[in-house]
Amino acid sequence: MAFQYGFNSFNYQDYFERSASFLAEHRWIFEQSNTKFVQAGTLDVLPSTWIQDLKRANNDELNAIPLGHVCGDWCDDLKRFLKVVKSLSVEYEQRCDTCSEKPAMAKGISPKKMYEIQNLTSLIGEICDRNETLLDFGSGLGYLSQHINAVHQFRVLGLEGDSYRVQAAHKRQANMFPNSLEKVKYVQHFIQENSFDQIKEALTSAFPDELNPSIAIVGLHACADLSVTAIKMFLFNEYVTKLIIMPCCYHKLAFDEEHCSKFKNFPISQKLKEAKEPHINFIGRPFLRLGCQQTASRWKNMTEEEHISHGLAMFERSLVEALVKPGQTVTKRRSKSGGEDDNLLDKFYLSDASKIGPECDIPWDDTHRNKFEELSKKYPDGGQLAEFLTCLQTCLQPVCENLILLDRMCYIEMEAKYRNIPVRCNLIKFSNDNLSPRCFVIVAEKVTKMR
């Protein structure tokens, strides 16, 4: 079956301009870490009319807000916010769940990871030719590499920077998949943009009979900058003809060495760089983290009790963080020794960051306690407000993730055009984002193999 591509005609400039303007206007919702929103005064910025409307919403209505639900009697600016969020949604090609897996393969693998491995393997099987050699970026313990070979008999070279994981992958292969030893190889290699020559040497060593192979880059959980490195390697090297990779952990993107306040690989497309310039700079670590936050698929199923518990836990942690003085840190205790009526501060260790071991623990003093009383009185319904903030963040989460992913898609298209490389690309979403929140796959293929 021929694989269908459908992303090359997307209007990136329009989407980038609208979403950048909207996120800049509402950056107060996400610009602080969720452990710092009390200290930053974010709850004071929550519009009182929004609070009143959200307090009137029942649990089903609250769950449906990030999905586009709007009540007719809500204030105009909240309705406008939700209307714009809906207008910034993107229709991606969705992949339904694929075949079930043999119990032996699933041993020791979580349902979430097994779901991702199965679906990504199925997609790779549709796109790649059996004569191609696959590079598994960030191969870890070899789960994806082995599954690809078991299902489709591909040659796979797993590249992993952690030597312990490479050793564990070899051991796992020898114990569970000895018949794959000739077709699945693992090497320790920290993948960088300029390391393709080293990778080619590793390929030649692993598969000496395959001279100048056609190469496809694949990857599950290509964290932080790795997926961007894969994109560049696909574009800059003639032997790499296909790319099928699942990005994640956007919040771990590295800062530019020359401009420590800017990220090396975000924005990466010129169109997004230009679109965000007229607006306040909303891009920071919290923005990237929000792109990784829970999706509406999880939020929509929460019970009233779960909302109360989550909001209270979120508020309590942020409240305690607001008490900390310079040079101090807090850590939540694993369990409380006291009863339900114990003070909130008893749930947390206070430590001197300059010391280690038992000597680092310090007691809460009167300054801490007085500030705690002050903030507790200021926010008597702090847990509920914290959950309202989470609701608004859940509304913005897909907009943030769209911006991150579409920036990469735009870069592929623009760079390929600049280099005169005919490329077809798509951004595919696996259907069960409740089980696998980071469920997007970047797919790209050079129409004409360059030699």
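Which element does the largest share of the lining of the second largest pocket come from, and how many residues is that?

Modeller: Happy to. Keep in mind that this is a predicted model, where local features need pLDDT of at least 70 and side-chain atom pairs count only at pLDDT 80 or more, while totals for chains, interfaces and linings use all residues. Residues are numbered from 1 along each chain as its sequence is written, and side-chain values use heavy atoms, with hydrogens and water left out.

The largest share comes from α18, with 6 residues. The second largest pocket has a volume of about 630 Å³. A pocket here is an open set of points on a 1 Å grid over the protein atoms alone, where a 1.4 Å probe fits, with protein on both sides within 12 Å along at least five of seven lines. Grid points are joined across faces, edges and corners, and the volume is the space filled by probe spheres set on the points.

In total, 28 residues line this pocket (a lining residue has an atom within 4 Å of a point), and P66, S89, V90, P398 and K429 lie nearest its centre. Two or more lining residues come from each of α6 (76-87), α15 (296-299) and α18 (382-418); these helices are DSSP runs of H or I, at least four residues long, numbered from the N terminus. By class, the lining has 15 nonpolar, 8 polar and 5 charged residues. Ala, Val, Leu, Ile, Met, Phe, Trp, Tyr, Cys and Pro count as nonpolar, Asp, Glu, Lys and Arg as charged, and the others, Gly among them, as polar.

Staying with α18, you will find A416 in this helix. A416 counts as buried because its relative accessibility is 2%, and buried means under 20% relative accessible area with a 1.4 Å probe, protein chains only. Leaving aside residues up to four places away in sequence, A416 touches L235, Y411, I421 and V423, where contact means heavy atoms within 4.5 Å.

Now to α6. Its axis comes within 8 Å of the axis of α4 (residues 48-56), and the two cross at roughly 80 degrees. Axes are lines fitted to C-alpha atoms over the stretch in contact, with angles from 0 to 180 degrees between N-to-C directions. The two helices are therefore roughly perpendicular, the term for 65 to 115 degrees. T49, W50 and D53 in α4 meet D77, L78 and F81 in α6.

Key. Angles under 35 degrees count as roughly parallel, over 145 as roughly antiparallel, 65 to 115 as roughly perpendicular and the rest as oblique. Buried means under 20% relative accessible area, exposed over 50%, partly exposed in between (1.4 Å probe, protein chains only).
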